[in-house]
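Subject: Structure handover

Hello,

Here is the structure for your work. Notes on what was found in it follow below.

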Amino acid sequence: MKLRIFYEDTDIGGVVYYANYLKFCERARSNIFFEKGLSPHNEDEFFVVKKVEADYIKSATFADVLDVTSRVVSQKSASLEIFHEIFRGDELLFTAKIKLAYLKNYRPTKIPKEILEVFQ
């Protein structure tokens with residue numbers, strides 16, 4: 001997923017605020033669903049973030065165009081781990097491994113087959 005850095009994404013020095021990299025990863029995960037005409041959330045079933053391991057390698061700045069990639073690296077019955085990378089051109093800026101738990105009625109539950117297929 002490509003995105004442009006706007007002024008609101010940065011601090012006073014024009015550098016992307018650290019927490020926004022996690023927002024960019026969230027957008028990329030949601031976009032996987034949107035591209036298939038689906039929603040990443042419905043009334044009683046959705047993913048929540050359980051764990052994040054992030055590595056900030058280089059800074060993005062105002063007006064940069066970034067590419068956010070996402071791929072599943074492990075899967076269990078009620079959780080997924082997704083590895084995200086954020087690039088500016090060929091330059092790697094950020095990586096994160098994010099563990100997601102799948103909830104139904106706010107309780108962990110097996111991820112439905114049709115949801116797993118979205119990530120294929």
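**The largest pocket**

The largest pocket holds about 160 Å³ of space. Two elements, α1 and β2, each give two or more residues to its lining. The lining residues are Glu 26, Arg 29, Ser 30, Phe 33, Pro 40, His 41, Phe 46, Phe 47, Val 48, Val 49, Leu 100 and Phe 119. Sorted by class, that lining comprises eight nonpolar, two polar and two charged residues.

**Confidence**

Please keep in mind that this is a predicted model. The mean pLDDT over the chain is 95, and 100% of the residues reach at least 70. Among the elements, β4 has the highest confidence, with a mean of 98, while α2 has the lowest, with a mean of 90.

**Helix α1**

Helix α1 covers residues 20-34, which makes 15 residues.

Which residues of α1 are buried? They are Asn 20, Tyr 21, Phe 24, Cys 25, Ala 28, Arg 29, Ser 30, Ile 32 and Phe 33.

**Loop residues**

Tyr 7 sits in the loop between β1 and α1. Its relative accessibility is 57%, so Tyr 7 counts as exposed, the cut-off being over 50%. Tyr 7 and Thr 61 are 54 residues apart along the chain, and their C-alpha atoms are separated by 8.9 Å.

The loop between β5 and β6 (107-108) contains Asn 105, and Tyr 106 is found in the loop between β5 and β6 as well. Most residues other than glycine have a negative phi. Asn 105, however, has a positive phi, near 55°, and Tyr 106 has a positive phi of about 65°. Are these two residues buried or exposed? Asn 105 has a relative accessibility of 47% and therefore counts as partly exposed. Tyr 106, with a relative accessible area of 67%, is exposed.

Regards

Notes
Residues are numbered from 1 along each chain as its sequence is written. This is a predicted model: local features need pLDDT of at least 70, side-chain atom pairs count only at pLDDT 80 or more; totals for chains, interfaces and linings use all residues. Side-chain values use heavy atoms; hydrogens and water are left out. Helices (H or I, at least four residues) and strands (E, at least two) are DSSP runs, numbered from the N terminus. The expected span of a helix is 1.5 Å times one less than its number of residues. Buried means under 20% relative accessible area, exposed over 50%, partly exposed in between (1.4 Å probe, protein chains only). On a 1 Å grid over the protein atoms alone, a cavity is a set of points where a 1.4 Å probe fits but cannot get out, and a pocket is an open set with protein on both sides within 12 Å along at least five of seven lines; lining residues have an atom within 4 Å of a point. Grid points are joined across faces, edges and corners, and a volume is the space filled by probe spheres set on the points. Ala, Val, Leu, Ile, Met, Phe, Trp, Tyr, Cys and Pro count as nonpolar, Asp, Glu, Lys and Arg as charged, and the others, Gly among them, as polar. pLDDT is the predictor's confidence in each residue, from 0 to 100.
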